Amino acid sequence: MDLDFTAEQAEFRDEVRTWLAEHAPAESRPHEDPAAMREYDLAWQRTQWEGGWAGIAWPEQYGGRGLTLVQQLIWYEEYAKAGLPSIDACFVGLNHAGPTLITTAGDEQKAYHLPRILRGEDVWCQGFSEPGAGSDLASLSTRAELDGDSYVVTGQKIWTSFAMLADYQELLVRTSRGEAKHHGITWLICDMRSPGIEVRPIETIEGGAEFCEVFYDEVRVPVSNVVGEPDKGWRVAMSTLSFERGTAYTASQVRLAELVENLIAAARERTGPDGRRPAIADDELARRLATARSEVAALRAMTYAGICRNLTAAQPGPEGSMLKLYYAEIAKRVARLAMDILGADALRLTSRWDRPYGWSGHYLYSFSASIGGGTSEIQRNIIGDRVLGLPR
Amino acid sequence: MDLLPSPEQLELVGAASEFCAEQLPVSAIRDRRDEPNAIARKLWSAGAELGLLGVSAAEDAGGSGLPFEDEVLLFRELGRRLVPGPLTSSVLGARLASLTGHRDLAAAIVAGETQVGLARRRDGDEGLAYSVTGRFDLFDAPDAEYLLVIEPSGAGLVAKESLADVTPLACIDPGTRLAEASADGAPLLCWVSTEDDPIRLRGLVLSAALAVGIAEAAKELAVEHAKNRVQFGRPIGVNQAVKHACVDMAVAAEAAWQQTVFAAISLRSARADAEFQVLAAKTVAGRAAIGNAESGIQLHGGMGYTYEHDMHLYLKRAHVLDQLFGSPREHLGDLLAEEAAQ
């Protein structure tokens with residue numbers, strides 16, 4: 001057992017660091033105007049692709065580098081150390097749709113979409129949840145009826161980030177009613193510019209501008225846009241979510257570790273609750289900060305071990321839910337701790353995109369960690385049923 | 001980077017597991033609660049013969065000379081089996097003896113002929129000369145000839161016969177023997193400074209590994225119970241209140257284990273942030289062990305409250321382990337004072 005990076009991996013890290021220092025965007029990421037967000041994210045993704053850093057662990061035949069998750073991890077670590085903003089508009093394409101297409105899609109679908117995702121040409125969004133199908137995703141009822149060589153989609157999706165500026169959507173629809181409710185679901189690639197789609201923004205508790213609900217009124221989606229087999233989309237969707245829970249969180253974990261260190265630095269500089277000494281001199285705050293350090297360290301150790309396991313697995317197993325659950329709980333505790341360290345200053349509205357620290361923005365955003373991508377309660381069900389083998 | 005144990009590494013763990021299942025069932029802790037020692041001498045020797053005390057010890061001391069993480073893998077298993085006796089202090093004692101040229105003593109410890117208990121300082125300051133003075137708590141010392149003393153600047157061994165007023169005390173854990181004693185210039189047989197070898201940090205990692213074993217065992221007992229205990233016509237594990245409690249135990253144990261492995265490798269490979277990683281491991285493992293055993297008692301209901309059930313034994317040992325090499329609060333303070341992780 002060892003924690004050593006090979007000479008090649010160390011060299012890769014040096015290259016990443018040098019490249020990021022030279023190519024990182026000078027201006028900060030816009031966070032209020034969706035169109036500006038799209039432009040910024042796609043431009044930065046394209047710069048990464050031109051530099052040869054897009055799809056580090058994706059197969060070479062689809063424009064990736066064909067390296068392992070270890071190099072992908074190194075990229076995320078250096079990226080977070082450089083304090084760079086996450087490319088949120090490209091998240092679904094890079095971390096959900098892309099990996100799903102690689103494992104499941106047909107050759108033409110792969111050849112068309114994968115390079116476009118990597119080159120920063122398309123924004124993808126997710127169309128899974130519905131008003132009546134949240135945690136109980138399999139009860140989704142957005143209908144798709146076959147009409148010639150197209151499906152005609154009617155219904156509603158919700159909690160879709162970046163729908164207003166997305167080009168494509170990973171869309172789960174009901175194509176038939178089987179014996180079990182997770183039969184008869186199909187995973188479609190939906191062109192978001194299709195007639196009959198209406199997108200309405202939803203404002204979040206942090207004031208975010210990218211959340212949406214999407215309405216479909218007889219939207220035509222070509223049959224050739226089915227990923228996997230018709231009526232068998234549930235398994236495809238579960239593999240999509242296993243990527244989200246398994247590997248996509250690596251970047252978030254690395255960022256959380258940076259956040260904890262920034263918070264410790266802030267606690268050393270700021271006056272604490274007694275109005276005299278630094279916040280870090282307060283026993284309770286100090287112990288919570290130290291505990292956060294220990295938990296973030298353990299989260300990283302779990303991530304590393306997960307990467308070692310995934311190096312030999314085609315797709316992440318249900319253990320990914322353990323990482324996601326642990327991450328969400330820590331992220332929320334850390335954000336709450338930031339509020340307690342700030343005291344009354346926490347009442348000044350900030351955004352998590354503010355530099356150096358938008359702590360109250362982080363706090364409000366942190367609630368999404370245990371809701372998005374499957375609530376913590378659902379993660380606990382998955383772990384209980386599939387990892388521990390508890391009765392349903 | 002490779003954080004997954006190899007089949008060879010798991011072989012010793014398997015052998016230890018079999019030995020413990022046959023010779024050292026958890027129920028033996030109850031049977032021996034009134035004996036002066038928590039583990040019989042002949043079982044201690046039998047375990048030593050299997051190599052349990054010499055995994056990382058030098059080969060010229062009768063050890064196997066394997067990497068520290070192999071010892072950590074074994075200690076997790078010993079924790080899971082709740083093996084009593086001065087395990088960590090004997091392993092560290094053999095290392096100290098070996099490092100200071102006391103090869104015969106090291107060999108005797110590894111062979112299970114000589115035991116080393118732990119002396120934890122209660123008051124007084126670290127001695128200036130080659131001796132210790134002050135009051136100490138002794139852990140698992142009834143059969144020990146020596147005691148391991150950890151001071152801020154290093155670690156040493158002191159002969160038990162040089163201590164005064166050794167008084168056995170009742171311990172909350174029936175699998176741990178507690179005593180108090182005082183020392184007035186008790187001479188150190190040997191001494192290794194913290195810079196030369198981080199004995200305390202090794203002790204913290206081994207304690208963390210034992211704690212992880214407890215966290216896992218408590219989780220496994222709770223999960224089995226949730227599958228088998230039927231109420232309202234169904235196994236109680238179908239209820240989310242029970243299922244989710246089991247899951248939280250599993251996540252705590254997994255996080256603690258991965259961090260303990262990370263810390264063990266960091267220490268063995270002298271990473272710059274090794275102390276940070278060790279303190280983090282001790283923190284998450286201590287909390288996982290105590291938290292899981294507490295939840296385990298709750299999930300077992302009335303049975304969990306009885307002396308006859310095993311769960312309280314895990315809880316009590318978890319508390320002992322949490323205090324052995326400094327208090328959890330000290331560890332948090334030390335962790336916060338560290339530089340950020342690498």
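Which residues in H8(A) meet B:Gln277, B:Ala280, B:Thr283 and B:Val284 in H9(B)? The residues on the chain A side are A:Thr291, A:Arg293, A:Ser294, A:Glu295, A:Ala297 and A:Ala298. A meeting, or contact, here means that the C-beta atoms of two residues, placed from the backbone, lie within 7 Å. Helices (H or I, at least four residues) and strands (E, at least two) are DSSP runs, numbered from the N terminus.

This is a predicted model, in which local features need pLDDT of at least 70 and side-chain atom pairs count only at pLDDT 80 or more, while totals for chains, interfaces and linings use all residues. Residues are numbered from 1 along each chain as its sequence is written, and chains are lettered from A and ligands numbered from 1 in the order in which they are written.

Chain A contains 11 helices and eight strands. The globule rule is 2.2 Å times the number of residues to the power 0.38. The C-alpha trace of chain A spans about 75 × 45 × 45 Å along its principal axes. Of the 392 residues, 49% count as buried, a label given when 20 or more other C-beta atoms lie within 10 Å of a residue's own; with 12 or fewer the residue is exposed, and in between it is partly exposed, the C-beta atoms being placed from the backbone. Among chain A contacts between residues at least 6 apart in sequence, 70% join residues at least 24 apart.

Chain B has 12 helices and eight strands. Its radius of gyration of 20 Å is close to the 20 Å that the globule rule gives for 342 residues, so chain B is as compact as a globular protein of that length. The principal-axis spans of its C-alpha trace are about 70 × 50 × 35 Å. In chain B, 56% of the 342 residues count as buried, and 72% of the contacts between residues at least 6 apart in sequence join residues at least 24 apart.

Where the chains touch, 38 residues come from chain B and 35 residues from chain A. On the chain B side, helix H7 (199-228), helix H8 (240-268), helix H9 (274-299) and helix H12 (328-337) each supply at least two residues. H8(B) gives the largest share of that side, with 15 residues. By class, the chain B side has 24 nonpolar, nine polar and five charged residues, where Ala, Val, Leu, Ile, Met, Phe, Trp, Tyr, Cys and Pro count as nonpolar, Asp, Glu, Lys and Arg as charged, and the others, Gly among them, as polar.

Back to the opening pair of helices: helix H8 (residues 283-310) of chain A and H9(B) pack at an angle of about 95°, with their axes 9 Å apart. This makes H8(A) roughly perpendicular to H9(B), a class that runs from 65 to 115 degrees, with angles under 35 degrees counted as roughly parallel, over 145 as roughly antiparallel and the rest as oblique. Axes are lines fitted to C-alpha atoms, for helices over the stretch in contact, and angles run from 0 to 180 degrees between N-to-C directions. The residues of this contact divide into four nonpolar, four polar and two charged.

In helix H11 (residues 376-387) of chain A, the buried residues include A:Ser376, A:Arg380 and A:Ile383, and their cover includes helix H9 (320-342) of chain A together with H8 of chain B.

Turning to chain B itself, B:Gly117 lies in strand S1 (residues 115-121) and counts as buried, with 23 C-beta neighbours inside 10 Å. Leaving out residues up to four places away in sequence, B:Gly117 touches several residues, among them B:Pro86, B:Leu138 and B:Asp140. B:Asp140 is in the loop between strand S2 (131-139) and strand S3 (144-151) and has a positive phi near 55° in a residue other than glycine. B:Asp140 is buried, with 28 C-beta neighbours inside 10 Å. B:Asp165, in strand S5 (residues 164-169) of chain B, has a positive phi near 55° too, but is exposed, with 11 other C-beta atoms within 10 Å.
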